[in-house]
Amino acid sequence: MTAELQIKVAQWAENYALEKGWVLNPDPKQRGAVIKGLAHNTKKFGAAYCPCRIRSGDPEKDKLIICPCIYHQDELDQAGHCTCNFFYDKET
């Protein structure tokens with residue numbers, strides 16, 4: 001896995017969070033683990049599947065767990081963060 005890909009993922013995530021009015025996890029270890037997982041999945045599977053979700057192998061089902069996954073908005077609304085502990089509501 002290249003550092004360049006991790007940088008691209010991190011930049012995308014920062015921009016996405018900013019656009020939504022959220023922040024990324026302030027813990028650099030957790031944030032880095034998710035970025036590394038997203039980069040790994042991108043390189044291995046061709047898409048940034050959420051590292052906290054298990055791929056089924058069915059491309060139609062699995063497209064729902066490409067970050068940002070279909071569940072992240074509800075999770076942020078309910079818990080203040082997504083299951084990966086990557087995106088956080090600023091208020092949390």
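Reader: Leaving aside its neighbours within four places in sequence, which residues is N41 in contact with?

Author: This is a predicted model, in which local features need pLDDT of at least 70 and side-chain atom pairs count only at pLDDT 80 or more, while totals for chains, interfaces and linings use all residues. Residues are numbered from 1 along each chain as its sequence is written, and side-chain values use heavy atoms, with hydrogens and water left out. N41 has its place in helix α2, where a helix is a DSSP run of H or I with at least four residues, a strand is a run of E with at least two, and both are numbered from the N terminus. With contact meaning heavy atoms within 4.5 Å, and neighbours within four places in sequence left aside, the partners of N41 are G46, A47, Y49, C50 and P51.

Reader: Why is N41 classed as buried?

Author: Buried means under 20% relative accessible area, exposed means over 50%, and partly exposed lies in between (1.4 Å probe, protein chains only). N41 is placed in the buried class because its relative accessible area is 11%.

Reader: At what angle do the axes of α1 and α2 cross?

Author: Two packed helices are described by the angle between their axes and the distance between the axes. Axes are lines fitted to C-alpha atoms, for helices over the stretch in contact, and angles run from 0 to 180 degrees between N-to-C directions. Here the axes of α1 and helix α2 (residues 28–45) come within 9 Å, and their crossing angle is roughly 115°.

Reader: Which residues of α2 are met by L5, Q6, V9 and A10 in α1?

Author: By class, this contact of α1 with α2 has six nonpolar, two polar and two charged residues. Ala, Val, Leu, Ile, Met, Phe, Trp, Tyr, Cys and Pro count as nonpolar, Asp, Glu, Lys and Arg as charged, and the others, Gly among them, as polar.

Reader: How many residues apart are Y16 and F87, which form an aromatic pair?

Author: Rings of Phe, Tyr and Trp (its six-membered ring) pair if their centres lie within 6.5 Å; planes under 30 degrees apart count as stacked, over 60 as edge-to-face and the rest as tilted. Y16 and F87 are edge-to-face, at 5.4 Å centre to centre with 65° between the planes. The pair links distant parts of the chain, Y16 in helix α1 (residues 3–20) and F87 in strand β2 (residues 87–89), with a separation of 71 residues.

Reader: Which residues form one aromatic cluster with F86 and F87?

Author: F86 and F87 are both buried. Their rings make a tilted pair, 4.9 Å centre to centre with 55° between the planes. The cluster that includes F86 and F87 also holds W12, Y16 and W22.

Reader: Is C82 buried or exposed?

Author: C82 lies in the loop between α4 and β2. Not counting residues up to four places away in sequence, C82 touches H72, E75, L76 and F87. Because its relative accessible area is 6%, C82 is buried.

Reader: What is omega for the peptide bond that joins C67 and P68?

Author: P68 is found in the loop between α3 (59–62) and α4 (72–79). The bond joining C67 and P68 is a cis peptide bond, with omega of about 0°.
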